[in-house]
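Take a moment to look over the chain shown here.

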Amino acid sequence: MAAFLFSWSIATTPLAKQSQFVLHEKRNNRLLVSCDQNQTDSKISIENSDEKIERRNLLLGMGGLYGASNLLSVSPAFATPIAAPDFAKCSRGTNLNTGQPLDVNCCPPLSTEIIDYKLPPVTKMRFRPAAHLATEEYIAKFEKAVELMKSLPADDPRNFMQQANVHCAYCNLTYEQVGDSDLRIQIHNCWHFFPWHRWYLYFYERILGKLIGDHTFGLPFWNWDNPEGMVIPAMFSNSSSPLYNSRRNVNHLPPATADLAYSGKDAKHPSKIIPHNLTLMYREMIRHARHLEDFYGAKYSTGSKPNPGPGTVERGSHTAMHSWVGEATRTGEDMGNFYSSGRDTLFFGHHANVDRLWTVWQDLRGSKSKHFTDTDWLNTNFLFYDENAQLVRVKVADTLDNIKMGYDFQKVDIPWQKNKPKARVKKSKVASTSGAPSADSVFPVKLDKVVKVLVPRPKKSRSKKDKENEEELLTIEGIEVDTAEFVKFDVFVNDEDDDPYVLDKAEYAGCFSQLPHKNSSRVNTKIRLGLTELLEDLDCEDDEYILVTLVPKAGGEEITIGGIKIIYVS
Ligand code: C2O
């Protein structure tokens, strides 16, 4: 509580704007912070009545803490975006449940010089082709580039394994948050998912291009949201190619159809994989992605615990494709586990499609806002090695437009735009006749079985205008999972049909899923599912309750759900 007051008092003190904070002393539970603004000297002191001010809360509102001195340099004032990690403090990481060090070390080489990266002027666009449409000539170039990348010295930061480790390091809790050594950096399951991966691919692509002397080289995208592309592209499955990886699920090699709803087991209704995939894409890109947070993921800044909540694409099709490709083992190497996924070249084809979907989503938005304006997002920094092996500091604000970054995608059909799922049972009052218990009497609950609950709707019979102004959202909070496990559950609304393996119906509201990590820790996260259009489709907008069914699909014994409720967000 004291810590909260502390942040609040700084943030609302006008004199504190544009200032530099100096942490003077912490003595007898009394903390003195002076705040100098030009010559103005105002002092803020806070009694710490709770015995202990957590450092992380203290630093909220202060920006990063650099170096060992107690000088806190704040620019811009009070911003708390995630700062670029200090590579020198990279640690192998620990299994947070057992306290044992991890058996993988993905820390990068060190460098003494860091340059603030400026997007170079675009003279010629790089072209990213759809992998299934790529020419022989293109494939030969890509193979050559990857081969050269693999033969760079092992300690060259552009080497193939070093590049794979870049992903591992940013997801395996190996970097401390600058400003809070108690917390780690995790770029998944939060609003950094799209921008961080865009930077990662950006440099990967430039390194490959440089190795073959082609400054227009672009990565191929695996067009898995299009029936034509719903199979591992041929270039990645030729066992004599440098693009090949042997650690993949042998049952999913061509001609197997990619299952965007994959939950660790093969589809119960194989003939429905394609219709499922298309309605799934519609949900992730349109129905459930009306609000920025729902598409991008939840806010994560200095002082935040990792995994505040993934966006629709991240937790859905993206995660499914990782685990569908990786080996059919608990840990799912290479693609099905965060630490190893960058070791499969297909990762880059996969993520080039995720990156393309970001652009497609922005295009479909028309005049609606396409990105956050929160400086805690825009000013976030990451470090990467560029194509010249120079360590550079990049910012999220530079990722908003792929054209400005100098690359574009081959134009392909977007077949799922009209695949609005249809209602199975279109009738009101399903909930009231269901006999299910009310949500507050059930949570928290372990998902080792199917859970059905009634959730009250604070507002019903909303007008068209109300619905335009406010989206009705189902929030599922306090989702606790072990990060070492692959977990997945599906959410259905008013589903009397009760076949949880039929997903191309309006009653299916979406999923939560998580890829395993090398480290193991308990995280607490949340998801939000858009209900406005779904309730229209089910003809139950006048109902007081909805019936929500949670169906564990993988690792249910590992999942606990804290609570579920309906909120309205404008
Ligand atoms: Cu960084 Cu697809 O994961």
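Where does UniProt place the feature "binding site"? The unreviewed entry puts it at His 167, His 188 and His 197. UniProt positions are given in the numbering used here, feature names are shortened, and annotations may be inferred rather than shown by experiment. These residues span 31 residues in sequence, yet no two of their C-alpha atoms are more than 10.4 Å apart, so they gather at one spot.

Some ground rules come next. This is a predicted model, in which local features need pLDDT of at least 70, side-chain atom pairs count only at pLDDT 80 or more, and totals for chains, interfaces and linings use all residues. Residues are numbered from 1 along each chain as its sequence is written, and side-chain values use heavy atoms, with hydrogens and water left out.

His 167 sits in helix α4. Helices (H or I, at least four residues) and strands (E, at least two) are DSSP runs, numbered from the N terminus. His 167 has 0% relative accessibility, so it counts as buried. Buried means under 20% relative accessible area, exposed over 50%, and partly exposed in between (1.4 Å probe, protein chains only). His 188 lies in the loop between β8 (180-184) and α5. Its contacts include His 167, Cys 171 and Glu 314.

Now look at α4 itself. After α4 comes Leu 173, with a positive phi near 60°.

A disulfide is a covalent bond between the sulfur atoms of two cysteines. Here the cut-off is a pair of cysteine sulfur atoms within 2.5 Å. How many disulfides does this rule give? The count is two. One joins Cys 106 and Cys 168, with sulfur atoms 2.1 Å apart. This pair links distant parts of the chain: Cys 106 is in the loop between β4 and β5, Cys 168 is in helix α4, and they are 62 residues apart. Another disulfide joins Cys 90 to Cys 107, S to S 2.0 Å. The torsion about its S-S bond is about -85°, so this disulfide is left-handed. Counting bonded cysteines along the chain, the pattern is 1-3, 2-4. Cys 171 is in no disulfide; the nearest cysteine sulfur, that of Cys 168, is 5.5 Å away.

Key
Contact means heavy atoms within 4.5 Å. Lists of a residue's contacts leave out its neighbours within four places in sequence.
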